[in-house]
Amino acid sequence: MSAKSGKLSVKLGESSGVIKTEVVCPNDTNPMGILQGGRLVQWMDIAAAVCAQTFAETICVTVSIDRVSFRHPVRVGDILTIEASLSKVARTSMQIRVRAWSAAIGKPIKYLVSEAEFVFVAIDEQGRPTPVQKKSNPRRGLRKLKKIYSKKRIGV
Ligand SMILES: CC(C)(COP(=O)(O)OP(=O)(O)OC[C@H]1O[C@@H](n2cnc3c(N)ncnc32)[C@H](O)[C@@H]1OP(=O)(O)O)[C@@H](O)C(=O)NCCC(=O)NCCS
């Protein structure tokens, strides 16, 4: 990681962690103005896919989504921050832990709104499972995310 010239940058392949942000728009919500769970899971899936593919350096597909929880309502205009990090690497599969946080503009507190465990499988050009190399420590990405993302939170 480099902080030279005031810019924070992470070299590709150095970190297995991904942070994705979204602003919740009316089209993402139910008639009460609350974010739909399916839309949130879609965004979480994208963050997890980028995390898996960055690590595996090949296309990865979702094979399971487990232990999805929705803990806090998210409203129109809120900013969502989705963190995805590798928690386990097997032969061709990777487990990705995803957490989503919300914050209202101008408010200093972030709420943990959702958590889930995704499993992705690396595939080759024929769509067959292909082994991933254990080339780095999956936990390293998580530690880096925690360091970068140090705003006050509640609900952990
Ligand atoms: C991913 C896919 C190629 C795997 O094919 P497969 O014949 O099940 O492969 P295998 O049985 O050899 O399993 C491959 C790995 O996936 C894991 N796996 C397969 N199904 C799984 C599941 N439901 N949950 C967790 N892990 C699973 C296996 O444990 C194995 O892991 P390992 O190699 O690290 O030990 C195939 O299931 C597929 O194409 N699924 C559709 C994926 C997709 O389109 N996703 C988008 C959403 S629809």
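1. Ile96 touches Ala48, Cys51, Ala52, Ala84, Ser85, Leu86, Ser87, Phe118 and Phe120, leaving out residues up to four places away in sequence. Two residues count as touching, or in contact, if their C-beta atoms, placed from the backbone, lie within 7 Å. The model is predicted: local features need pLDDT of at least 70, side-chain atom pairs count only at pLDDT 80 or more, and totals for chains, interfaces and linings use all residues. Residue numbers start from 1 along each chain as its sequence is written.

2. Ile96 also belongs to the largest nonpolar core, which has 30 residues; Ala48, Cys51, Ala52, Met94, Ile96 and Val98 touch the most other members. Such a core is a set of buried Ala, Val, Leu, Ile, Met, Phe, Trp, Tyr and Cys residues joined through C-beta atoms within 7 Å. A residue is buried if 20 or more other C-beta atoms lie within 10 Å of its own, exposed if 12 or fewer, and partly exposed in between, with C-beta atoms placed from the backbone. The elements that give two or more residues to this core are α1 (37–56), β3 (79–89), β4 (93–103) and β5. Helix α1 supplies the largest share, eight residues. In soluble globular proteins, nonpolar side chains tend to be buried together.

3. On the overall fold, the protein chain has two helices and six strands, in the sequence pattern β-α-β-β-β-β-α-β. Helices (H or I, at least four residues) and strands (E, at least two) are DSSP runs, numbered from the N terminus. Of the 156 residues in the protein chain, 28% are buried. Among contacts with a separation of 6 or more, 73% are between residues 24 or more positions apart.

4. Strand β3 pairs on two counts. With β1 (residues 18–23) the sense is antiparallel, over six bridges, and the partner of Glu22 in β3 is Leu80. With β4 the strands also run antiparallel, joined by 10 bridges; here Val89 stands opposite Met94 in β4. Strands β3 and β4 form a hairpin with three residues between them. Pairing requires that DSSP finds at least two bridges between the two strands.

5. Ala100 is found in strand β4. Why does Ala100 count as buried? Ala100 is buried because 27 other C-beta atoms lie within 10 Å. Beyond neighbours within four places in sequence, Ala100 is in contact with Leu40, Met44, Leu80, Ile82, Val113 and Ser114. Of these, Val113 is 13 residues from Ala100 in sequence and 5.6 Å away, C-alpha to C-alpha.

6. The ligand is surrounded by 13 residues, the closest being Ser64, Ala90, Arg91, Thr92 and Ser93. A residue is near a molecule if its C-beta atom, placed from the backbone, lies within 6 Å of it. The elements that give two or more residues to this shell are β2 (60–70) and β5 (110–122). Strand β2 gives the most, with four residues. By class, the shell holds seven nonpolar, five polar and one charged residue. Here Ala, Val, Leu, Ile, Met, Phe, Trp, Tyr, Cys and Pro count as nonpolar, Asp, Glu, Lys and Arg as charged, and the others, Gly among them, as polar.

7. Ala90, one of the closest residues to the ligand, lies in the loop between β3 and β4. Ala90 is exposed, since 12 other C-beta atoms lie within 10 Å. The C-alpha atoms of Ala90 and Val132 are separated by 7.8 Å, although the two are 42 residues apart along the chain.

8. Two backbone angles should be noted. Most residues other than glycine have a negative phi. Glu57, not a glycine, has a positive phi of about 60 degrees; Glu57 sits in the loop between α1 and β2 and is partly exposed, with 13 other C-beta atoms within 10 Å. Arg67 has a positive phi near 50 degrees. Arg67 is found in strand β2 and counts as exposed, with 9 C-beta neighbours inside 10 Å.

9. On confidence, the protein chain averages a pLDDT of 84, and 75% of the residues score at least 70. Over residues 5–14 the pLDDT is below 50, and this stretch has seven contacts in the model beyond near neighbours in sequence. The pLDDT is the predictor's confidence in each residue, from 0 to 100. Where pLDDT is low, the predicted coordinates should not be read in detail.
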